[in-house]
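Keep the structure open beside the text as you read.

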Amino acid sequence: MPQSLSGDLKELSIEHVDSPKDIEYLDKGECDRVLRKVDWRLLPLVSLLYLLCFLDRSNIANAKVAGMATDLNLVGLRYNTACCGLLYPILSRTNSILFRPSRWIPTIMVAWGIVMTLMCLVKTYQGLLVARVFLGLAESGLFPGVTYYLSLWYPRGERAKRIAIFFSAATIAGAFGGLLAYAIENMEGIGGLHGWQWIFCLEGLTTVGVAFTGFFIMQDYPETASFLTETERRCLVQLMKTDSQHLATHFDFRFVLQALKDYKTYLQFGILIGLVVPTYAITLFMPTIINDLGFSAANAQLLSVPPFVAGCIFTILIGIYSDKYHRRGPFALVGQFTALVGYIILYTQTRPGPSYVGAVLAAMGVFPSTPVILAWTSSNAGGEVKRGVALGAAIGLANLGGLCSSFIYFDPPRFHVGHGTMMGWLSLSMLMNCVSMWNYNRLN
């Protein structure tokens, strides 16, 4: 059997991941310089793309507080149903395996930007549901696609902090969304639109504008990177080949089956779904939770900013230290435990002050854990095709948690059902994390 195929078929069990310094025949200083150059070209763009994606996905929470619930008669579980985005979990996939990233990613971005812009014309609950389904259809490929895309550019020991920087855009979107919604609400009545309709319109137009620039500035692969010199390209390609342990890079359906049959894919799914449920809940219900603590709608928009800012800071810090010490599971466990403490506070406290501290702790813990787990998944999956399918399967299945998140915050002002459910999912995630750490140590 060729070496490239045997590499993909063997078990990979990496908790202590390799880093460029372990590759003796490549100059570490030169590798670091090339990676920093790649950072400046790739990370700002993909972070901006995900910021806009998350902003467009989560602005329904700000629109609800800004008056959408009243105007569209979102009584009972109607808002929860609109939040679920049925096609997110069904259609999450890594089409970047088959299509050039510089074409696939901007294309889906234009699609969801158009849908978001047209959401400002929604007049009924039924229209909102249809718009959210098409938004989910268009957005579903971005997150797994970009996670896989970054794995093509960075060795395993350097991925966590890059994925953390990329994922931190979600927390920035949460913070920026609150500030932006607070400002846009003042456009009430302009052009015959309500303030919440202007939230959809302006954010959608911004997405379309950025998407068109992506066609021209996004790079595809290290081998074709126009911003690198020939020497730098060779260095990066050799670094990735050495790091991949000569695993296969060509497409073969057997690699798809390997990913789907690998029990480690489902262990990672178990960890991820326990994080995805609270992530969606924080995104979709944070302004509502704060509003029901006794704060006004305008203040709730502003007070939703600090939890996301705290989440952003800790996401980047945890990613940096995870790469520094070449460990994934323990750092994710720290975040999971912090979030669990936050939800325990939210569940047990009745006063606004302590409850708000619990909301901050929940965001500080949930957001940093996800990119570490994604880096862990991509490091242990195998060759490019198997890695792409494993990421797509784990993320796609975990996104089913969004359905759960949408329907558990229905008992204000204490939201005992919602907070209690979060505690359960986080406990499951911690348990699966411990099982995975034990399993990788056993295999090593």
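Predicted model: local features only at pLDDT ≥ 70, side-chain atom pairs only at ≥ 80, totals over all residues.

Residues are numbered from 1 along each chain as its sequence is written, and side-chain values use heavy atoms, with hydrogens and water left out.

## The chain as a whole

The protein chain has 19 helices and zero strands. Here, helices (H or I, at least four residues) and strands (E, at least two) are DSSP runs, numbered from the N terminus. Of the 444 residues, 60% are buried; buried stands for under 20% relative accessible area, exposed for over 50%, and partly exposed for what lies in between (1.4 Å probe, protein chains only).

## The nonpolar core

A nonpolar core is a set of buried Ala, Val, Leu, Ile, Met, Phe, Trp, Tyr and Cys residues joined through side-chain atoms within 4.5 Å. The largest one holds 128 residues, and Tyr50, Met68 and Trp153 touch the most other members. Helix α2 (residues 28–71) is the main contributor to this core, giving 20 residues.

Rolling a probe the size of a water molecule over the atoms shows where empty space is left. On a 1 Å grid over the protein atoms alone, a cavity is a set of points where a 1.4 Å probe fits but cannot get out, and lining residues have an atom within 4 Å of a point. Grid points are joined across faces, edges and corners, and a volume is the space filled by probe spheres set on the points. By this rule there are five cavities of 30 Å³ or more.

For the lining classes in the table, Ala, Val, Leu, Ile, Met, Phe, Trp, Tyr, Cys and Pro count as nonpolar, Asp, Glu, Lys and Arg as charged, and the others, Gly among them, as polar.

| Cavity | Volume | Lining by class |
|---|---|---|
| Largest cavity | about 220 Å³ | 13 nonpolar, six polar and two charged residues |
| Second largest cavity | about 70 Å³ | five nonpolar, seven polar and no charged residues |

Which residues lie nearest the centre of the largest cavity? They are Tyr50, Arg57, Phe143, Tyr280 and Asn399, out of 21 lining residues. Two or more lining residues come from each of α2, α7 (142–151), α12 (263–291), α16 (352–380) and α17 (384–398), and α12 gives the most, with six residues.

The lining of the second largest cavity includes Phe54, Ser58, Asn62, Gly177, Gly178, Pro287 and Phe308. At least two of its lining residues come from each of α2, α8 (159–184) and α12.

Leaving aside neighbours within four places in sequence, Asn62 is in contact with Gly177, Gly178, Ala181, Ile199, Pro287 and Gln301.

## Lysine and cysteine

Lys264 sits in helix α12 and counts as buried because its relative accessibility is 3%. Lys264 and Thr377 are 113 residues apart in sequence, yet 8.4 Å apart in space, C-alpha to C-alpha.

A disulfide is a covalent bond between the sulfur atoms of two cysteines; the cut-off used here is a pair of cysteine sulfur atoms within 2.5 Å. The whole structure has zero disulfides. The sulfur of Cys31 has its closest cysteine sulfur in Cys235, 4.0 Å away, so the two are too far apart for a bond. Cys31 is buried at 1% relative accessibility, whereas Cys404 is partly exposed at 22%.

## Backbone details in the loops

Finally, the loops hold some backbone features to inspect. Pro412 and Pro413 are joined by a cis peptide bond, with omega about 5°; Pro413 is in the loop between α18 (401–406) and α19 (416–443). Phe415 is in the loop between α18 and α19, and has a positive phi of about 55° although it is not a glycine. Phe415 is buried, at 2% relative accessibility.

His326 has a phi near 55°, a positive value in a residue other than glycine. His326 lies in the loop between α14 (305–325) and α15 (329–348) and is buried at 9% relative accessibility.

Note on methods:
1 Å grid on protein atoms, 1.4 Å probe; cavity = no way out; pocket = protein on both sides within 12 Å on 5 of 7 lines; lining within 4 Å. Contact = heavy atoms within 4.5 Å.
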